[in-house]
Amino acid sequence: MNLAYYPGCALHGSSNDYEQSLRACLETLDVQLREIDDWICCGATAAHSLNQKLAVALPARNLALAEGKGFREMLAPCPMCSMQLLKARKALAEDEALRRSVSKIVELEVRGDTQVLNLIQLFETIGLDRLKAAVKAPLGSICAACYYGCLLTRPASVVEFDDCEQPRSMEKILEALGGKTVDWNYRTECCGAGMTMANEQTVLDLSHKILSNAAAHGANCLVVACPMCHVNLDMKQVNIERHYGVRHAMPIYYLSDVVGLALGFKPEALGIDRHFVGKA
Amino acid sequence: MAAGMDTPPSRLIRLLQLGHAKRALQAQAIWQCVSCQTCATRCPKSVDCAGVMDALRQLSAERGVTTPKQQRTVLFQKAFLRNIRRNGRLNELELIAEFKFSTFLHSRSLSFLFKDATLAPQLMKRKKFHLVGEKAHDRAVVGRIFARCMDNSLL
């Protein structure tokens, strides 16, 4: 399998541990990632908050770059990026005049017909049976709270992925790898996303509720598929503990971390040793 | 998220329906919003509340009526876009420096300026921070895209 890869800024910055583990998994599963030449930032929350045109144009340029190389499918492991790419793709598909004007703005003809996949969808495409067959170290000790956060499933009309209130796709992957999962209440609540720096208190409040609820339902770790969720729940966990005077000590894994562990990789090979919260 | 807002999304929509755009534009809520899309997903009338939030933020920034209490968020989003315009990709270290500096100029808060300063060495130790960030090669085209989409003086 050969597909375009849009890492986005986080995976080439402070969330490079996420890229490390997903590259390790996909290599083993015979998926070749072709990073899009000279990709640019999707604009994230800043663009859709301050300028709608920019919020379409920035992702559109990346779609056009992938299309120009003949790719039909693109992996965007950051849900912020994949949502922005999908939103732009939808807007372009629904409005021919917009598609023409955006093509001029980004100086490339953009068709907007590239499929954009998040990491869960890529594992689904590879197939649970194939994943199961590749397991070398079943996740017996893991009892995970699968955390989807906001943008993996929302807005549903844009991302068209799983059930936006009761998603199950991550649980199915974990269970195929021999892990256990818990039923809990905060699977699709937001952690505060990109407000980490601008409005830390909101992030601490929301993330504290998520960690507390996961622990109360018997989880011994959280599994996420988003770099912002990981920053807020892992890197900021010490601030949450300090602010609320509690001890969570809850390890936060990327989905590709637990897949990688099941495939037989050592934690260090996946970048798990670079997380802030230590192993369970 | 709506629970912590001075004006929850449902009330913002009502204000707009009643023609009180000015009050809606000055609500803290539009900059407290984390764009989690919950309101739009659960609205029984299928109103795209999150899209309305975007429109309100954009209008309030363009008209220079952003609420003083939420300036930190406004300054952050602007610093983020200036960073992308310059580099094509986000340079986290530069963004933090720029955001902290612009917030300091605005609030003169030394404690916020140095808050989380100990985080930098911890990120370096984990190889999560690069002193020299990545840049897109064709940064000129990024500058032209920005110029075609928005009034650059707003940033």
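**Domains of chain A**

I looked up the domain assignment of chain A first: domain 1 covers 2–119 and domain 2 covers 136–274. These bounds come from an automatic or database domain assignment. This is a predicted model, in which local features need pLDDT of at least 70 and side-chain atom pairs count only at pLDDT 80 or more, while totals for chains, interfaces and linings use all residues. Residues are numbered from 1 along each chain as its sequence is written, and chains are lettered from A and ligands numbered from 1 in the order in which they are written.

I then checked how the two domains of chain A meet. Their C-alpha centres lie 23 Å apart. I found 23 residues of domain 1 in contact with 24 residues of domain 2. Two residues are in contact if their C-beta atoms, placed from the backbone, lie within 7 Å. On the domain 1 side, helix H1 (8–11), helix H2 (16–28), H3 and H5 of chain A each give two or more residues. H2(A) brings the largest share, eight residues. By class I noted 13 nonpolar, seven polar and three charged residues on that side. Here Ala, Val, Leu, Ile, Met, Phe, Trp, Tyr, Cys and Pro count as nonpolar, Asp, Glu, Lys and Arg as charged, and the others, Gly among them, as polar.

**Chain A as a whole**

I listed 15 helices and eight strands in chain A. Helices (H or I, at least four residues) and strands (E, at least two) are DSSP runs, numbered from the N terminus. The C-alpha trace spans about 55 × 45 × 30 Å along its principal axes. For 280 residues a compact globule would have a radius of gyration near 19 Å, and the 18 Å of chain A agrees with that. That radius is taken over C-alpha atoms, and the globule rule is 2.2 Å times the number of residues to the power 0.38.

Buried residues make up 59% of chain A. A residue is buried if 20 or more other C-beta atoms lie within 10 Å of its own, exposed if 12 or fewer, and partly exposed in between, with C-beta atoms placed from the backbone. Of the contacts in chain A with a separation of 6 or more, 78% join residues 24 or more positions apart.

**Strands of chain A**

I followed strand S1 (2–5) of chain A next. It pairs in the parallel sense with strand S2 (32–35) over four bridges. Two strands pair if DSSP finds at least two bridges between them. Ala4(A) stands opposite Arg34(A) in S2(A). S1(A) also pairs in the parallel sense with strand S3 (73–75), over two bridges. There Tyr5(A) stands opposite Leu75(A).

I also traced an open sheet of four strands in chain A, with parallel pairing and the order S6-S5-S7-S8. S6 and strand S8 (252–254) are its edge strands, each pairing on one side only. S5(A) and S7(A) run parallel, joined by three bridges. Ala144(A) stands opposite Cys221(A) in S7(A).

**Helix H10 of chain A**

In H10(A) (169–176), I found Ser169(A), Met170(A), Ile173(A), Leu174(A) and Ala176(A) buried. Down the helix axis they fall within an arc of 165°, so they line one face. The arc is that of the directions from the helix axis to the C-beta atoms. The elements they pack against include strand S5 (143–146), strand S7 (221–224) and helix H14 (255–262) of chain A. Gly178(A) follows H10(A) with a positive phi, near 90°.

I then looked at the chain contact. It joins 39 residues of chain A to 42 residues of chain B. Helix H3 (44–50), helix H4 (52–68) and helix H6 (96–106) of chain A each supply at least two residues of the chain A side. That side has 20 nonpolar, 13 polar and six charged residues.

**Domains of chain B**

Last, I read the assignment for chain B: domain 1 (2–62) and domain 2 (68–154). Their C-alpha centres lie 26 Å apart. Five residues from domain 1 and five residues from domain 2 make the contact.
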